[in-house]
Amino acid sequence: MPSKEQLAAQLDPATTVLLTVECQQGVVGPGSALPELAEEARSSGALHRVARLVAAAHEAGVQVLHAVAERRPDGRGANSNARLFRAAGRLPVQQHSGSTAVRIAAPIEVADEDLVVRRLHGLSPIAGTDVDALLRNLGCRTLVVTGVSANVAIPNAAFDAVNLGYTTVVPSDAIAGVPADYTPALIRNTLALVATITTTDDVLDCWLSRERARALSGRSGPDRAWRRDRR
């Protein structure tokens, strides 16, 4: 773990972007195409921690970018060169463009200033998408990676971000994969080699006053909708 000072320097709101990966209804919502993953994201608290980070980013002036995986109903442009893609094409819930499945899932709140990048192909939320160009135009130096899954998209995002020159920060309690014990093994043996590993609470402490961070950390419960304090 980095020192508080080191983490604060990396997480300067002016040069940091928060990335949520595949936090969409068809992946982590109640009607998920991947119910085991959705259950893990929710029961572990990872999805709610993503929501807390998004709310804090909005308050602190940190840019939020949501990466969504989808496909056309006719499948044009989608991959079929791996077992994962072929299995996904047979699932009862499809991530069709424009459908409810590709909307950002509760309790995450999407603000007007957030960016949403949608991809029709591949495994990575960064490679082959608009994400890198957007990050550079935003003056991003540090990318905070959250969401699912620890099995595929999260390590893809971390590796791609590092290869592109960004400092990568992963709040270890704001990502999820299956089985549950795979995520800590991935963090310890892989992500820790390329990214700064931290926690949601430590990120909140960097972005908000101690009082506001404590208040945001106190929000819990599977059915509670997170809202920014607009007062």
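Is G165 buried or exposed? G165 is exposed, at 61% relative accessible area; the cut-offs here are under 20% for buried, over 50% for exposed and partly exposed in between, with a 1.4 Å probe and protein chains only.

This is a predicted model, where local features need pLDDT of at least 70, side-chain atom pairs count only at pLDDT 80 or more, and totals for chains, interfaces and linings use all residues. Residues are numbered from 1 along each chain as its sequence is written, and side-chain values use heavy atoms, with hydrogens and water left out.

**View 1. G165, in the loop between α7 and β5.** Here α7 spans 153–163 and β5 spans 167–171; helices (H or I, at least four residues) and strands (E, at least two) are DSSP runs, numbered from the N terminus. G165 follows α7 and has a positive phi, near 100°. Look across to T142 as well: G165 sits 23 residues from T142 in sequence, and their C-alphas are 9.2 Å apart.

**View 2. The buried residues of α7.** Tucked away in this helix are A153, I154, P155, A157, A158, D160 and A161. What covers them? The cover includes β1 (16–21), β4 (142–148), β5, β6 (175–176) and α8 (182–194).

**View 3. Strand β1 and its two partners, β4 and β2.** β1 is mostly covered, with six of its six residues buried. T16, L18 and T20 point one way, while V17, L19 and V21 point the other, and all are buried. β1 and β4 run parallel, joined by six bridges; strands count as paired if DSSP finds at least two bridges between them. On the β4 side, V17 has L143 as its bridge partner. β1 also runs parallel to β2 (residues 63–69), this time with five bridges. There, T20 is bridged to H66.

**View 4. D114 and the side chain of H66.** We meet H66, the β2 bridge partner of T20, again in this close-up. D114 lies in the loop between α5 (83–88) and β3 (115–119). Because its relative accessibility is 9%, D114 counts as buried. The D114 side chain makes a polar contact of 2.9 Å with the H66 side chain; that term takes a pair of N or O atoms within 3.5 Å, and within protein one must be able to donate a hydrogen and the other to accept it, while residues adjacent in sequence count only if both atoms are side-chain atoms. Setting aside neighbours within four places in sequence, D114 is in contact (heavy atoms within 4.5 Å) with H58, Q63, V64, H66 and E109.
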